[in-house]
Amino acid sequence: MQLDAKIPSGPIAEKWTRHQFDMKLVNPANKRKYKVIVVGTGLAGGAAAATMGELGYNVEAFTFHDSPRRAHSIAAQGGINAAKNYQGDGDSVYRLFYDTVKGGDFRSREANVHRLAELSLNIIDQAVAQGVPFAREYGGLLANRSFGGAQVSRTFYARGQTGQQLLLGAYQALERQIAAGTVTMHNRAEMLDLIVVDGRARGIVTRHMVTGKIEAHMADAVMLGTGGYSNVFFLSTNAMGCNVTSAWRAHKRGAGFANPCFTQIHPTCIPQSGEYQSKLTLMSESLRNDGRIWVPAKAGDTRPAAQIPEAERDYYLERIYPSFGNLSPRDIASRRAKEMVDAGHGIGPMRNGVFLDFADAIERLGRDVVSERYGNLFEMYAKITGENPYEVPMRIYPAPHYTMGGLWVDYNLETTVPGLFSIGEANFSDHGANRLGASALMQGLADGYFIAPLTVGNYLAAAPREPMDAEHPAAQAVVREVEETQARLLGIQGSRTVDSIHMELGRIMWDHCGMARNAEGLRKALEEIPRLRQEFWENVRVPGSAATLNQSLEKAGRVADFLEFAETMCHDALTRDESCGGHFREEHVTEDGEARRDDENFAHAAVWEFRGVGEAPIRHQEPLTFDHVPLSQRSYK
Amino acid sequence: MDLTLHVWRQETSSASGSFQTYKAAGVSDSMSFLDMLDLVNERITRDGGDPIAFEHDCREGICGSCGMVINGIAHGPHKMTTACQLHMRSFSDGDEIWIEPWRAKAFPVLKDLVVERAAFDRIIQAGGYISVRTGSAPDANAIAVPKPDADLAFDAAACIGCGACVAACPNASAMLFTAAKAAHLSYVPQGQTERLGRAAAMVMTHDEEGFGNCTNHGACQEVCPKGISVNYISRLNRDLLKATLTGISVG
Ligand SMILES: Cc1cc2nc3c(=O)[nH]c(=O)nc-3n(C[C@H](O)[C@H](O)[C@H](O)COP(=O)(O)OP(=O)(O)OC[C@H]3O[C@@H](n4cnc5c(N)ncnc54)[C@H](O)[C@@H]3O)c2cc1C
Ligand code: SF4
Ligand code: FES
């Protein structure tokens, strides 16, 4: 596997500008002749499909949802970063770049991150022009807030519904192109495999989720914007349909998978309330701007919050990290919460949470201001828990939330399979080992609106154009494989439901490859996963038929892929014998209990090559160099 | 608690459907309505049956996927609450619950509780956007937007496209949905140029899709989980009138 990051030459601030000039252009008259498949129409895919359509390419877009407006991006609450410096508080492209590299714990590519920071400016302009109703100040200009570990106010937001409003902007741009005939939209179409012909990505195989029809679709280039894989943990804040299928299938067809063990656990979610829960709900971390996190200082203290006097509370983040306090980065805030709960300080009926308390904020700002800032989040919390956060502190606990790992891509967002591009959360992205809050929306939109449409054009301009139809033997072979897999799933008729196996996988992953990992646990997981996978293929029960709307079959396919992927994730966590960002190896801690990186041996992206199900994959490395942000131990004290 | 469910089962669009009865035993207060359905589906599956199909994804009241009529009310008994955000503490032991899909000509049933809402996308295609090419936007702060307008735009933009308004309307009209998008774009300066044409085009497509006329019943606003106001329908109608008077046609 060749890993050439293709980073353009020149000073970091000029790389993207120069590269844009150096890239080849497709003659406008020819654009329509090129067909581009975009899988996934969330922020990344929706923006890319709309923009490619606008540029004149012949775009076919696919989503398993009934409409592009349902993509998981819709659920993002807190906001989107941009280095606009509208607040005049010292922000700049360079500062956003710097913060992102450092926040990612030095496991991302400097050149990509700088480009992301540059493009952050254009994203806000674009969204506002589309009518995205960002929060504004009384003078009518855009408002900002500071978010998750940033010391400047660079986060743009639309109440607690930023993702919704940005997605609707992209969705509307996409629908406009659909109406114009430049984009053909395939809703309720799930990609189940990738078609590679002569070493290039040439198409995909999909299943129509109502008719069950399996079809091959051919193109000159394929883009995957299919989101993240947090649902490998079963319980996560991701929407129920989020999956690893398209990325995993691409991986099995030759695309390197980078840093699968880099997952982010979000510190502020509502703790699990019972056995039968299917997903966890995130409370935007913007709440940490005004809420104070604490636990009872004495382990095992079961008194209600109101009866615990000030002196017997431990505001542990403020205590350990005096300068960042409640705004410490996600990985740190999560880990510290776990430590508190593990040490017996947990609160709530299942003793599985910590308090997030707004009493001081309400006293300082008044209930109206607090309600203006967080009203909808408070309502959501009250609906779920039956408790009123204006009166009793919220209960929160970390939960799997975001995946920094993903398909390896070069500077052009192209995977190791020529003609296959990956954008948004699906790629291994710009966030290194830890993503900063409000940076995923930014990355998805930078990839979708501004990067991929140009780099895919550059690829098309140079690629040999050989029209190919779905009857091509290579395409039909993949169609048959997909049909066989389905028939197999439906034929087992065992005694276990898909969910019960998914839940069991989730538990293995949470226990051994979750917030804290160690070699022993990971080795154990590597024994348990193949056993569970075997149990699945021998004993799962998938009711119904292949030729109808069959939600159990859809789930079964996704869980089958998670069961393979999970193993690679554990291999990655085991071989990355250091702690960094969200990857916390218990064997590697500093005296203060922080993650201890090993830059000498691990300043690289680990890129996995598939060898076969159950076979150990091959680990490749893309070395990372840091010329601008000096390698340093993160310190948020 | 133990409940009795009467659920609409229908195999395909063309099949005829009927209510089937299921026991939901051992349901806890803290479960969401959809967790409860998951539980029932697990049992149906283990017993060799075909689980109840229902649409859902975010389970946070924001994606608009879920939607079902619960005891005669779209999204169930709680105001401003989607089916996925409804929790079982709203029910009591021994309750009987009737669960049906949205019913509207423009929303054909695909299976059980799943309906096809692609007509909403086509209404957006007709004009529910601002025509701006990627990369051609001026600086975001070049145009100030008065905060009250921005807030109104946001209130209208909060629509999640769930379709409850259609399900609740005696005419199966989608005017609340249509008006919410038109209003959102009409409150921001960027949306002015296309405003009247947008209104005319969106309403024309609304009618062509087979949604009924709005007769100011107000049932839509009652069930809307995002509190979208019927006032937006008046605003849309005013724009529509202006479009007609100024001779703006839909081409
Ligand atoms: C609760 C929550 C809150 C968040 N808040 C923030 C925030 O405040 N700020 C921030 O920056 N980030 C936030 N994030 C992260 C951010 O929302 C996501 O990382 C981002 O939206 C992902 O966008 P995407 O376009 O890559 O993927 P998605 O939006 O997940 O889109 C994936 C698309 O792929 C399609 N798809 C997937 N698989 C297939 C397949 N096999 N076949 C066909 N189609 C497929 C889906 O239908 C969908 O259209 C949050 C995440 C969560 C979970
Ligand atoms: S107007 Fe309300 S009820 Fe209708 S689709 Fe939008 S959110 Fe749903
Ligand atoms: S599942 Fe998303 S709104 Fe209910």
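Q: Okay, starting with ligand 1: how far is a polar side-chain atom of A:His65 from an oxygen atom of ligand 1?
A: In this predicted model, the gap between that A:His65 side-chain atom and the ligand 1 oxygen is 2.7 Å.

Q: And how much of ligand 1 does the protein cover?
A: On its own ligand 1 has 1000 Å² of accessible area, and the protein covers 98% of that.

Q: What about A:Gly225, which of its atoms lies 3.4 Å from an oxygen atom of ligand 1?
A: That one is a backbone N or O atom of A:Gly225. There's also A:Asn243, which has a polar side-chain atom 3.3 Å from a nitrogen atom of ligand 1.

Q: How many residues surround ligand 1, and which are the closest?
A: There are 37 of them, and the closest are A:Thr63, A:His65, A:Ser73, A:Met191 and A:Glu425.

Q: Let's follow strand 6 of chain A. What order do the strands have in its sheet?
A: The order is 6-7-8 in chain A, an open sheet of three strands with antiparallel pairing.

Q: Why is one side of strand 6 and of strand 8 left without a neighbour in the sheet?
A: Strand 6 and strand 8 (214–218) of chain A stand at the edges with a single partner strand each, so each has one side with no neighbour in the sheet. From one strand to the next, the twist averages 30 degrees.

Q: How many bridges pair strand 7 with strand 8 of chain A?
A: Five, with strand 7 (residues 200–208) and strand 8 of chain A pairing in the antiparallel sense. As one example, A:Ile204 of chain A stands opposite A:His217 in strand 8.

Q: Which helix lies across strand 6, strand 7 and strand 8 of chain A?
A: Helix 13 (residues 473–492) of chain A, running at about 140 degrees to strand 6 of chain A.

Q: Now the five-stranded sheet: what's its strand order?
A: That open sheet goes 11-15-14-12-13 in chain A, with antiparallel pairing. Strand 11 (263–269) and strand 13 (313–314) of chain A are at the edges with a single partner strand each, so one side of each lacks a neighbour in the sheet.

Q: What joins strand 11 to strand 15 of chain A?
A: Five bridges join strand 11 to strand 15 (residues 394–403) of chain A, and the two run antiparallel. Within that region, A:Ile265 has A:Pro400 in strand 15 of chain A as its bridge partner.

Q: At what angle does helix 9 of chain A run to strand 11?
A: About 65 degrees; helix 9 (residues 330–345) of chain A lies across strands including strand 12 (292–296) and strand 14 (354–357).

Q: Switching to ligand 2, which residues are closest?
A: Of the 13 residues surrounding ligand 2, the closest are B:Cys159, B:Cys162, B:Gly163, B:Cys165 and B:Cys224. Helix 4 (164–168) and helix 5 (175–186) of chain B each give two or more residues to that shell.

Q: And how many charged residues are in the shell around ligand 2?
A: None; the shell has eleven nonpolar and two polar residues.

Methods. Residues are numbered from 1 along each chain as its sequence is written. Chains are lettered from A and ligands numbered from 1 in the order in which they are written. This is a predicted model: local features need pLDDT of at least 70, side-chain atom pairs count only at pLDDT 80 or more; totals for chains, interfaces and linings use all residues. Side-chain values use heavy atoms; hydrogens and water are left out. Two strands pair if DSSP finds at least two bridges between them. Helices (H or I, at least four residues) and strands (E, at least two) are DSSP runs, numbered from the N terminus. Contact means heavy atoms within 4.5 Å. Axes are lines fitted to C-alpha atoms, for helices over the stretch in contact, and angles run from 0 to 180 degrees between N-to-C directions. A residue is near a molecule or strand if one of its heavy atoms lies within 4 Å of it. A polar contact is a pair of N or O atoms within 3.5 Å; within protein, one must be able to donate a hydrogen and the other to accept it, and residues adjacent in sequence count only if both atoms are side-chain atoms. Accessible areas come from the Shrake-Rupley method with a 1.4 Å probe; for residues, only the protein chains shown count as cover. Ala, Val, Leu, Ile, Met, Phe, Trp, Tyr, Cys and Pro count as nonpolar, Asp, Glu, Lys and Arg as charged, and the others, Gly among them, as polar.
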